[in-house]
Amino acid sequence: MSRILRILAPIAAAVVLPIAVPAAAAPPGSAVMAYLNEISGRHTVSGQHNREPNSDPTKWTRTARDITGETPGLWGGDFLFSPDDVNHRGTMVDEAIRQWRAGSLVALTWHVCPPTVGSTCGWDEGGILGSLNDGQWSELLRDGSTLNQAWKQRLNEVVPHLRRLRDAGVEVLWRPLHEMNEGWSWWGGRGAQTRQLFQQTHDYLAGQGLSNLIWVWNVKDVDMGGIGGYWPGASYVDVASLDVWVKQTPSQSDYNAMLNVAGGKPIALAEVGRVPSPEVLAAQPRWAWFMVWAEWLVDPAYNDNASVQRTYWDGRVHNRGEVNLGGGGGTDNLARNRPVYASSQESTSLRAANAVDGNTGTRWSSTYADQQWLYVDLGANRAVTGVTLRWEAAYAAMYQIQVSTDGTTWTTVHNDYAGNGGTDVIALGTRTARYVKLYAWQRGTPYGYSLWEMEVRGA
């Protein structure tokens with residue numbers, strides 16, 4: 001990963017190309033690929049990388065949660081290269097399984113040591129930042145040679161971990177040999193040779209029975225006119241991804257270049273320093289996810305808490321709880337712009353409709369009293385799977401979520417007796433309901449109850 005950064009050019013209007021269904025590297029029936037194709041052009045998944053140390057593989061995901069009240073919809077890990085991190089690969093894989101089971105997508109990277117050295121190395125010219133000469137590259141790509149066999153043995157080091165993920169049912173967004181169009185790493189910047197190494201890596205791991213890998217091809221925002229020279233072919237790629245480090249935000253020409261090379265496959269921002277703003281995601285709607293790189297999340301040169309919150313709370317962005325791998329479009333906010341009713345409102349500018357308008361800059365506020373309610377009419381019975389409450393400072397200390405099919409008889413499906421504000425992401429299983437109500441009976445402040453948004457998830 002290079003750390004050269006520059007200010008972006010202005011963002012132009014979005015260009016959305018028709019979505020085709022091209023050849024794929026992932027196995028048929030992939031739930032993750034079905035989901036990514038379903039949200040393409042409409043939603044983007046929030047993501048956070050967790051690099052060193054592998055002994056604490058949720059360090060930066062926890063930080064994102066602390067800032068936003070939301071858990072990222074994608075968790076990123078790294079097999080890494082230092083002795084301690086290599087020894088804790090199992091810890092990292094344990095966390096990947098937990099994240100998947102909790103509802104997050106799982107993305108894995110590998111800063112891999114060259115096959116000319118041992119299994120561990122450093123971030124230096126003897127390791128990750130090293131290079132192979134022309135003769136070594138020729139040998140590396142010659143099947144059966146000593147260096148080629150050493151590369152296969154290097155891949156074998158992570159095969160048991162990837163198989164354990166497979167056996168746990170985890171589909172992995174697998175991004176090997178990343179930023180392949182730049183020469184900061186030993187594997188990158190060699191044109192056709194780097195491309196061939198990616199192809200050989202794919203073929204070897206595919207032969208190990210790793211049916212859970214979704215192949216993420218990756219370039220960096222340099223020489224974007226030449227990225228086609230690194231494209232290995234549609235049958236080797238499921239997702240085409242870009243790392244944005246030269247610029248702080250992807251330019252419109254970067255976006256268009258990725259659409260063109262992907263040929264209808266999903267595209268993603270696999271690494272960013274700056275969290276993309278809602279305006280960027282609206283202008284470039286086909287990014288399937290973004291993943292912020294570790295500590296850049298809290299670097300004031302690139303991010304501040306308000307900007308991170310603004311993106312995470314945007315209606316276009318899917319956080320954990322909104323990622324739905326069941327397919328069929330079951331992740332949209334069913335409450336947006338639907339008829340809504342409230343027991344009271346503090347003023348005409350703080351009306352009930354503000355809680356379902358998809359805008360986290362407007363809010364509903366009740367009068368200053370306990371036992372208030374707000375409910376939304378979905379228009380017809382729907383399969384409701386969850387509710388997200390985005391509280392303003394005036395929150396409910398105790399509340400219920402209730403559902404109804406007729407607006408008269410209500411069933412309580414969730415109780416919270418220790419509300420503390422922020423953002424509450426509530427899973428409900430699957431409930432048939434036309435009406436969904438927040439019934440708040442005890443305030444957490446001297447004021448009323450106030451919501452930026454009440455979102456209803458379902459099919």
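**Group meeting: a disulfide and some helix packing**

OK, let's start with the disulfide: Cys113 is joined to Cys121, S to S 2.2 Å, where a disulfide is called for a pair of cysteine sulfur atoms within 2.5 Å. Before I go on, this is a predicted model, so local features need pLDDT of at least 70 and side-chain atom pairs count only at pLDDT 80 or more, while totals for chains, interfaces and linings use all residues. Residues are numbered from 1 along each chain as its sequence is written, and side-chain values use heavy atoms, with hydrogens and water left out.

Back to the cysteines. The structure holds 1 disulfide, and with -95° about the S-S bond, the Cys113 and Cys121 link is left-handed. Buried or exposed, these two, Cys113 and Cys121? Both are buried, meaning under 20% relative accessible area with a 1.4 Å probe, protein chains only.

Next, helix H6, residues 146-156; helices here are DSSP runs of H or I, at least four residues, numbered from the N terminus. Its buried residues are Leu147, Asn148, Trp151, Lys152, Arg154 and Leu155. Looking down the axis of H6, they fall within an arc of 155°, so they line one face of the helix; the arc is taken over directions from the helix axis to the C-beta atoms. What do they pack against? Helix H5 (134-140), helix H7 (159-167) and helix H8 (192-206), with contact meaning heavy atoms within 4.5 Å.

Last one: helix H2 (59-68) packs with helix H11 (305-312) at about 90°, axes 9 Å apart. Axes are lines fitted to C-alpha atoms over the stretch in contact, and angles run from 0 to 180 degrees between N-to-C directions. H2 and H11 are therefore roughly perpendicular, a label for 65 to 115 degrees. Ala64, Ile67 and Thr68 of H2 meet Asn305, Val308, Gln309 and Tyr312 of H11.

Key:
Buried < 20%, exposed > 50% of the residue type's maximum accessible area, 1.4 Å probe, protein only. Helix = DSSP H or I, 4+ residues; strand = E, 2+ residues; numbered from the N terminus. Parallel < 35°, antiparallel > 145°, perpendicular 65-115°, else oblique.
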